Amino acid sequence: MEGLPKLPGNDFANRLRQKHHVPQSFKYINGYPIPVRPECGLGGERLNEDSIQFCPGDSSNDTVLYDPILTYGRVRHLPVKPYRPHFVLYDQKTLNFRAFFRQAVPESATETFRIRYVNILYFLEDDTMTVLEPTIENCGYPQGRLVRRGKKLRNEDRGEFYTWKDLNIGINVEMHGYVFHITDCDAYTKEFLLSNGIELNEIELLPPDPAMNERSIAQRQTFRHHKMYPEPDDKLRKYLEYQGKVLHFDCVLDERDREGGGELMTYKLFYYLEDDTVSIKELKENQEGRDYFPMLLRKQKLPKNWKDNPVSYPSIFLEKTDHEVSEYHSPKDLIVGTTLFVYGRKFLLLDCDGFTRSYYEKALKIVQPDRVTLAAPEPRTPRLDVPLYLGLGTPEDSLASHHSLVPKSPKKDVVTYLVNVNKFLRYGCVLDTAHPEDKIRRFVLSLSLADGTISIMESAIDNSGIRGGRFLSPRKIWLPDCNPNEPSYYTAKDLYIGATIVVFAHRFRIVSADLYVYRYMQAHPEMFAPNAIESVRDYLLTEGHLREDLRQATDTEYQKLAETAKPTDAGEAATDEVKRRLTGFEISEPSRPVSPLAPERTESPRLPSPTMKHPCPHPIIPDEEIRKAYHTNEPEELAIQANRPNDTPTQPESPAHDAKGKKTVRFLED
């Protein structure tokens, strides 16, 4: 059995093993090969180092029961460097040697040999070599890769190949019939060879190539002849040397002294070095209200004195050639801070870019001054006269058509609309007119808190000839004597009991209000005048809608008086004070005055005196309580109908009564 090779099936150490594959120790992470330590042995078995039975101590000890970690603690092992194959360790690492070889030139009368310079590259990952020749322009023979990459034989008889240990400075290397002599190497190659114990020879100089020397001498002679005898005004040479090089200047045109009034306008001046031409470009800020001209001056040569004409020049011609112009502007004339005359217009040079400054310093030995700052002109505020309102549509729509060619809808206060949606303030109104037939007409005015529109509904009166229904569709109503171009509209603060509302030449006088109006005034006292709140409160008190508020006010006053009074006479003093303050009020059944909206009665009700102040509280009620007080949008059971006596005899059902007998107001639509 000892002579058998160690293959699966010939080793009887573990006869029960069925898997004999070797665990992998090489992985690819993000496309890069990374060596890893094997986690298991052959066939996925546990390694001896990971087993508790492994113990490097004396074999006499019981390896199962002995665990050195329990006695001495865990041993700290030094990290083991991961194994890397040769081709991974030296991946993309190359040794570079500089060398030359001598090439014979037969059948040539001028030269017998040439010296060609090459680079020998040695790849450490697979011990291959290649030879590359640097490219020389117009040399007359092919260059590039002279020897393909591969292992090169050093001794053909023994089959030995070149390795990095065989390479050094000052030796000859033969490959494919060429003998290359190494003269130098790069810094990485020197460090690699020295770190591996190879002593490098002295660096040698490359021998000169006779053919290249003669060529360089001929080129220098040609260049010297060209410098000694330059051609006059060589446009091609100047074009090739300064192609694409432009001098940039910021300039300003001052025409404030012109008749009719001028202004300062900024421009961009370009000077092209390739043909000594000048162009001036307009900027966008100069195109406000003016015709669009991209270039103020097209690309051309700029004469210094455009009116200076020779004596023989005919005055009938306008265009001039180079023969008629004595001198053109050159870069020496363009200095920051100077004034440049362009066909009668004065341009002040303010600044230049970085390339222009470096060109003047290197080529002309001129230092450009710093930027010239001018006082900022006064900002122009164009006066836009808003046209008068013609009465077509709303003033907001007409103003939107004035601001843009395509009219846009006026912006709305969405937040106010969402907060006050379905919230209305309702008032009872009568016509303030001299016609007796309009005295009996009753109206309900509703103000929408969401968008400020006002709608008016008229109550139907039986056997009066008044049909009732919608009197005014929801819309905003102008205040009287307001500016029609900037109108003001009726708001909640303008509506209170006793106020007169003018709606399209109809005068409405508010005589009553809903309970929700008072609750809204209590929640927002900053929006209303004190007299407006008192007028609504007095009306609701006389109508008997604030009994609960009165009862709470009396209880509060009684408690305050009871706390401030002495213990001996607390009861008597508090009772007398409450009776004195509540003189003239009846909480159980308050008397109802004659309302303009109710039919006339013979009885004269008792009214409080005008100087009397009702102790009704003014709490700040949240929006939730306001929503509870607000019943619906429909004009049902308004406070102006609430003054009818309860002892009215029962009448047969009519369209104005619902099934439950509740009094409602029905408005007929047209």
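Modeller: A residue is called buried at under 20% relative accessible area, exposed at over 50%, and partly exposed in between, with a 1.4 Å probe and protein chains only. Helices (H or I, at least four residues) and strands (E, at least two) are DSSP runs numbered from the N terminus. This is a predicted model, in which local features need pLDDT of at least 70 and side-chain atom pairs count only at pLDDT 80 or more, while totals for chains, interfaces and linings use all residues. Residues are numbered from 1 along each chain as its sequence is written, and side-chain values use heavy atoms, leaving out hydrogens and water.

The helix I take is helix 9, which spans residues 515-523 and is mostly covered, with eight of its nine residues buried. Those buried residues are Tyr516, Val517, Tyr518, Arg519, Tyr520, Met521, Gln522 and Ala523.

Next come the charged pairs. Side chains of opposite charge can pair when their charged atoms come close. A salt bridge here is a side-chain nitrogen of Lys or Arg within 4 Å of a carboxyl oxygen of Asp or Glu. The whole structure holds 24 salt bridges by this rule. Asp351 and Arg357 make one of them, with an N to O distance of 2.8 Å. Asp351 counts as buried because its relative accessibility is 14%, whereas Arg357, at 21%, is partly exposed. Both belong to a network of salt bridges that also links Asp250, Lys268 and Arg371.

Another pair is Arg154 with Glu160, whose closest N and O atoms are 2.5 Å apart.

Lys299 is partly exposed at 38%, as is Asp275 at 31%.

The loop between strand 12 and strand 13 also holds Asp276. Its phi is near 60 degrees, a positive value in a residue other than glycine. With 22% relative accessible area, Asp276 is partly exposed. Lys365, likewise not a glycine, has a positive phi of about 60 degrees. Lys365 sits in the loop between helix 6 (354-364) and helix 7, and at 66% relative accessibility it counts as exposed.

On a 1 Å grid over the protein atoms alone, a cavity is a set of points where a 1.4 Å probe fits but cannot get out; a pocket is an open set with protein on both sides within 12 Å along at least five of seven lines, and lining residues have an atom within 4 Å of a point. Grid points are joined across faces, edges and corners, and a volume is the space filled by probe spheres set on the points. The second largest pocket has a volume of about 990 Å³. It is lined by 36 residues, of which Glu396, Asp451, Gly452, Lys476 and Tyr489 are the closest to its centre. Helix 7 (395-403), helix 8 (414-419) and strand 18 (443-448) each supply at least two lining residues, and helix 7 gives the most, with three. The lining divides into 19 nonpolar, seven polar and ten charged residues.

Val414 lies in helix 8. Together with Tyr417, Leu418 and Val421, Val414 forms a nonpolar surface patch with about 370 Å² of accessible area. Patches take residues with over 30% relative accessible area and no salt bridge, joining like charges within 9 Å and nonpolar side chains (Val, Leu, Ile, Met, Phe, Trp, Tyr) within 5 Å. The areas come from the Shrake-Rupley method with a 1.4 Å probe, and for residues only the protein chains shown count as cover.

Two loop residues remain. His176, between strand 9 (172-175) and strand 10 (178-185), is exposed at 61%. Its C-alpha atom is 9.2 Å from that of Leu153, 23 residues apart along the chain. Glu199, between helix 3 (187-195) and helix 4 (210-228), is exposed at 69%. The C-alpha atoms of Glu199 and Ile169, 30 residues apart along the chain, are separated by 9.5 Å.

Note on methods:
Ala, Val, Leu, Ile, Met, Phe, Trp, Tyr, Cys and Pro count as nonpolar, Asp, Glu, Lys and Arg as charged, and the others, Gly among them, as polar.
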